[in-house]
Amino acid sequence: MNLLIKQAHVIDPKNQVDGVFDLLIKKGSIAELKKEIKADGVEVFDAKGLHLFPGLIDMHVHFREPGFEQKETIVSGAKAALKGGFVAAVTMPNTNPPCDHQSVIDNIIRKANEVPFYIFPSATLTKERAGKELSEMADLKRAGAWAVTDDGSWVSDSLLMRRAMEYASMLNLLVISHAEDHRLTSDGVMNESVVSTKLGLKGIPDASEEIAASRDIILAELTHAPLHLTHISTKGTVELVRAAKAKKLPVTCDVTPHHISLTDEMLEHYDTNFKMMPPLRTEEDRKALVSGLKDGAIDAIATDHAPHTDEEKMAEFSDAPVGVTGLETALGVILTKLYHGKILSLSEIVMKMSMRPSEILKLPNGFGQIKVGTEANLTLVDLNHEWMVRKEEFVSKSKNSCFIGAKFKGKAVVTICRGKLWQRQS
Amino acid sequence: MTTVWKRKDLVGLKDLSANEIKLILDTAKSLQEISLRPVKKVPTLRGRTVANLFFEPSTRTRISFELAEKRLSADTINFTGSTSSTVKGETLKDTVRNIESLKVEIIVMRHPASGAPHRLAEALPVSVVNAGDGINEHPTQALLDMFTIQEKKGNLSGIKVAFIGDILHSRVARSNIWGLTKMGAKVVVCAPKTLLPPQVEALGVSATTDLDQAIKDADVINLLRIQTERQSECYFPSIREYANSYQINREVLKHAKPDVLIMHPGPVNRGIELSSEVMDGPYSVILDQVTNGLAVRMAVLYLLSGARKKVVEK
């Protein structure tokens with residue numbers, strides 16, 4: 001593809017670029033980035049008034065294939081991601097079969113090429129995600145895995161986790177931890193707070209996350225292995241990560257758009273679209289997460305896009321599966337709450353949604369920055385586009401969003417991935 | 001100003017006003033004498049249909065509702081079953097829509113999931129009466145408890161009611177807390193720390209782990225059934241230790257007011273939360289609660305049916 005993008009406001013914190021430029025894409029690669037480019041015979045896209053970001057990267061999605069194609073497929077998930085402005089995502093391994101064998105990884109990467117979209121799959125940390133034996137990580141790495149995690153099944157065996165971290169770091173595989181002590185979660189379905197008492201729903205204490213996060217941080221110190229805590233949700237966990245960073249431990253973390261914008265008060269109507277793991281916490285936690293983003297304790301924003309069918313979410317609150325979709329709403333939430341809310345600058349938002357994910361995952365040069373000579377993976381954003389989230393407009397196979405009916409300001413209008421232009425959004 | 005009942009449903013006491021609660025209690029009072037007549041039946045709900053859907057075992061609540069419906073001359077249908085959440089099958093909403101299609105006007109439902117009746121009431125035009133949802137609410141039980149207290153003590157305002165037992169998992173306690181605090185009663189909840197809900201004081205009650213403190217000055221002691229399986233879930237070491245610390249017996253009652261009322265929503269574990277001598281003794285109004293339950297449930301059905309009629313007439 002050849003395309004000349006005229007007069008876009010480029011935000012690239014990695015290379016300290018923040019200004020209006022022309023950008024020329026030739027054969028899918030970034031050929032030039034200058035104040036003014038003249039090129040004949042090339043399609044011109046007038047981006048005046050739009051912002052150009054390095055393509056967004058989501059460190060935590062569930063594309064459900066293989067095994068749960070009724071919820072999402074790699075292709076439908078990738079399309080939802082592209083619509084939301086994302087060019088790459090880390091898929092979680094809780095598929096059926098789980099990603100504990102190279103053939104599963106191989107299949108996922110191959111299917112992503114159909115769209116086109118980049119998937120950097122995570123593989124399981126243990127065989128069958130059972131928490132008993134290490135998965136064949138070297139083999140999984142060769143097949144294309146970029147990280148290892150048992151996601152929702154936190155590895156409670158500390159010895160096994162120690163070995164997993166040592167082994168994974170030897171292979172340069174990032175260990176991602178969904179920190180949750182399942183014994184403490186017990187049969188809880190929402191945050192343990194005055195709201196759970198009022199609603200008569202069983203609560204999940206902060207300690208469920210914080211005990212697990214503490215142990216993993218201590219093991220990162222012991223093993224020197226990079227640890228990424230995903231979707232952290234409590235004030236206590238932010239403090240744990242901040243303390244770990246102060247000690248220069250190799251610990252990073254991400255937070256979801258829903259945890260930085262919503263609280264457990266939203267559960268008042270027992271709407272299962274507000275049921276997720278970790279649960280929505282209190283206003284105090286929400287504020288601590290926002291502060292963590294601001295001061296750098298929190299490195300990244302990830303959606304934890306977790307599609308479930310309407311039929312599954314129609315169940316009663318205590319019976320419904322956990323998780324909400326997020327790819328198509330993430331940028332709207334973040335720009336509305338954090339940029340227009342005057343909390344983060346655009347550079348900081350690009351750091352959280354592209355640059356840092358790329359660095360943490362050690363992705364190639366074409367990600368997390370806008371660099372001449374690399375493949376074009378870019379997101380064009382209209383900061384002032386006002387829109388409402390409508391259930392019928394989701395591209396994802398599932399519609400279980402906690403933002404249906406919400407009004408946002410700011411949207412991805414064009415996503416360019418693998419040097420190809422994804423359709424412009426209305 | 002007289003209160004008029006406008007609600008389609010009774011899902012809980014959390015959202016009711018004091019006036020609405022008073023209206024139900026006053027209505028129950030006026031319906032009480034029906035059950036004392038030789039012919040215990042009035043035609044109030046003749047031609048109307050009520051479905052009792054019990055997705056959880058229940059004896060006394062189900063029988064009480066059914067009898068209340070029959071005394072008001074409603075046609076009744078009963079469904080008792082278990083729900084298995086994870087199995088794919090008909091959703092609750094579909095089940096109820098099917099029943100609604102048979103022109104049933106009121107659904108009385110007990111369900112193991114907190115919030116189940118709230119979701120139905122919001123989604124469907126049928127009237128929903130919550131007969132117990134998970135660990136959340138059991139509004140008619142709380143109403144009959146309040147009715148009984150008012151009957152015996154003359155009023156609710158200023159009355160101190162102590163709840164002893166598994167507060168955490170008790171929908172009876174939760175509904176009573178909402179109702180009693182709105183009516184100006186003082187509520188204290190007492191349990192081992194493991195069975196007190198987090199931040200329960202925020203609901204306007206005081207909480208203690210000390211039984212003597214809870215029952216001191218109490219006008220009413222309302223006991224909650226302790227479920228023996230909680231022991232295996234680490235809530236307390238043994239039934240024996242629980243009974244030693246929290247049982248209401250003659251010895252414990254020496255510290256209580258001489259005219260204290262003993263209440264229990266049933267079924268009672270005799271010899272665990274309550275000794276037989278107290279259960280069968282003069283303080284106990286447990287059987288009055290059962291009798292009053294009938295009048296309270298008749299009142300709720302009557303008011304909901306009236307509200308429906310007004311909507312139809314419009």
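**Domain contact, chain A**

I looked up the contact between the two domains first: 32 residues of domain 1 of chain A are in contact with 42 residues of domain 2 of chain A. Contact means that C-beta atoms, placed from the backbone, lie within 7 Å. On the domain 1 side, β17 (378–388), β18 (407–417) and β19 (420–422) of chain A each supply at least two residues. β18(A) has the largest share, seven residues. By class I read 15 nonpolar, nine polar and eight charged residues on that side. Ala, Val, Leu, Ile, Met, Phe, Trp, Tyr, Cys and Pro count as nonpolar, Asp, Glu, Lys and Arg as charged, the others, Gly among them, as polar.

The model is predicted: local features need pLDDT of at least 70, side-chain atom pairs count only at pLDDT 80 or more, and totals for chains, interfaces and linings use all residues. Residues are numbered from 1 along each chain as its sequence is written, while chains are lettered from A and ligands numbered from 1 in the order in which they are written.

I noted the bounds: domain 1 of chain A is 3–51 + 375–422, domain 2 is 56–361. These bounds come from an automatic or database domain assignment. The C-alpha centres of the two domains lie 25 Å apart.

**Sheet, chain A**

I traced an open sheet of six strands, order β9-β10-β11-β14-β15-β16 (chain A), with parallel pairing. β9 (122–123) and β16 (300–301) of chain A each have a single partner strand, so one side of each lacks a neighbour in the sheet. Strands (E, at least two residues) and helices (H or I, at least four) are DSSP runs, numbered from the N terminus. Pairing needs at least two DSSP bridges between two strands. β11 (174–177) and β14 (227–229) of chain A pair over three bridges. S177(A) has L229(A) as its bridge partner in β14(A).

I then checked helix α7 (206–223) of chain A. This helix lies across β11, β14 and β15 (251–255) of chain A, at about 165 degrees to β14(A). Axes are lines fitted to C-alpha atoms, for helices over the stretch in contact; angles run from 0 to 180 degrees between N-to-C directions.

**Helix α2, chain A**

I listed the buried residues of α2 (102–112) of chain A: V104(A), I105(A), I108(A) and A112(A). Their arc is only 100 degrees around the axis, which puts them on the same side of α2(A). The arc is that of the directions from the helix axis to the C-beta atoms. On the other side, S103(A) and R110(A) are exposed. Buried means 20 or more other C-beta atoms within 10 Å of the residue's own, exposed 12 or fewer.
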